[in-house]
Amino acid sequence: MHAIDFHLPQDVLGFLEKYANPHNYKVLMESPRSVSLFDPQVDRFLEQGNFPQVLTCLWKETDLGKRHAWLESKSPELHPILMYELAIVIFSTRPSQDTLTHETFPLLDAARFRLYQEAECSLNLAIKGSVVRQIHELFRARLSMLVYKRLREPYIELELKLKKREFILPKVHQVAQQTITTKLASPLWIGWCGMNIFSQGKPLMIAPGMFQEARNTYASDVLTNPLQFLTK
């Protein structure tokens, strides 16, 4: 008898939680691949904010070089979920302490900035709090397992030793500046996360015409006081 799945198909947090289970992940990977990562349909998934479908296509691409190239091609769009994936793929292709310090950790915090920035467009307090933290921790947990597998050192110790403010802050600053001048995709995807969606029936968001203003205000706040963001 299968457990009841209370997550909606659009809920990327529920998707990440489900496939953090190795058994579920194995089942997903062994299922037939219906859409190639480079199929135009994946771009449509992205436009729709359908990250469970995007991640399914991404994870089923077993060639890390192709996965890396695709993620790099999408990096100007600043999708936070894909920024996390790129941080992990970069370490996967070049597993070293130097990679963690100069590339992976800075990109991880830049992705976290983008999550909080997207959450500013939600009227659901859970999105701005627990949902953002849970998404970040799920990616951090994936990286932690990979780091121990490749470097044979506890992730928390390496994080304390290698995560340097002088590399984190410039990356977050760069991405924050980019978001002010870049046409970003709709943040509606983050509104589908969390259990509250069942009582609400739809994502509770600010008016679409205010999305960019809310994002710009958050970016400006972080640019003015980046240390406050790092301690969130």
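Modeller: Let us begin with contacts, where contact means heavy atoms within 4.5 Å. Leaving aside neighbours within four places in sequence, Phe 113 is in contact with Val 172, Val 175, Ala 176, Thr 179, Tyr 218, Ala 219, Val 222 and Phe 229. Please keep in mind that this is a predicted model, in which local features need pLDDT of at least 70 and side-chain atom pairs count only at pLDDT 80 or more, while totals for chains, interfaces and linings use all residues. Residues are numbered from 1 along each chain as its sequence is written, and side-chain values use heavy atoms, with hydrogens and water left out.

Colleague: Which residues touch the most other members of the largest nonpolar core?

Modeller: In soluble globular proteins, nonpolar side chains tend to be buried together. A nonpolar core is a set of buried Ala, Val, Leu, Ile, Met, Phe, Trp, Tyr and Cys residues joined through side-chain atoms within 4.5 Å, and buried means under 20% relative accessible area, with exposed over 50% and partly exposed in between (1.4 Å probe, protein chains only). Here the largest such core has 70 residues, and those that touch the most other members are Val 12, Trp 70, Phe 113 and Ile 135.

Colleague: How many salt bridges are there?

Modeller: A salt bridge is a side-chain nitrogen of Lys or Arg within 4 Å of a carboxyl oxygen of Asp or Glu, and by this rule the count comes to eleven. One of them joins the side chains of Asp 43 and Lys 74, at 2.6 Å from N to O. This pair links distant parts of the chain, 31 residues apart, with Asp 43 in helix H3 (residues 40-48) and Lys 74 in helix H5 (residues 64-74); helices (H or I, at least four residues) are DSSP runs, numbered from the N terminus.

Colleague: Is Lys 74 buried or exposed?

Modeller: Lys 74 counts as buried, at 12% relative accessibility, whereas Asp 43 is partly exposed, with a relative accessible area of 32%. Not counting residues up to four places away in sequence, Lys 74 touches Asp 43, Leu 46 and Leu 82.

Colleague: With which residue does Glu 118 form a salt bridge at 2.8 Å?

Modeller: That partner is Arg 215, the 2.8 Å being the distance between the closest N and O atoms. The two lie 97 residues apart, Glu 118 in helix H7 and Arg 215 in helix H13 (residues 211-224), and both are buried. Glu 118 also meets Arg 114 in a salt bridge of 3.2 Å, N to O.
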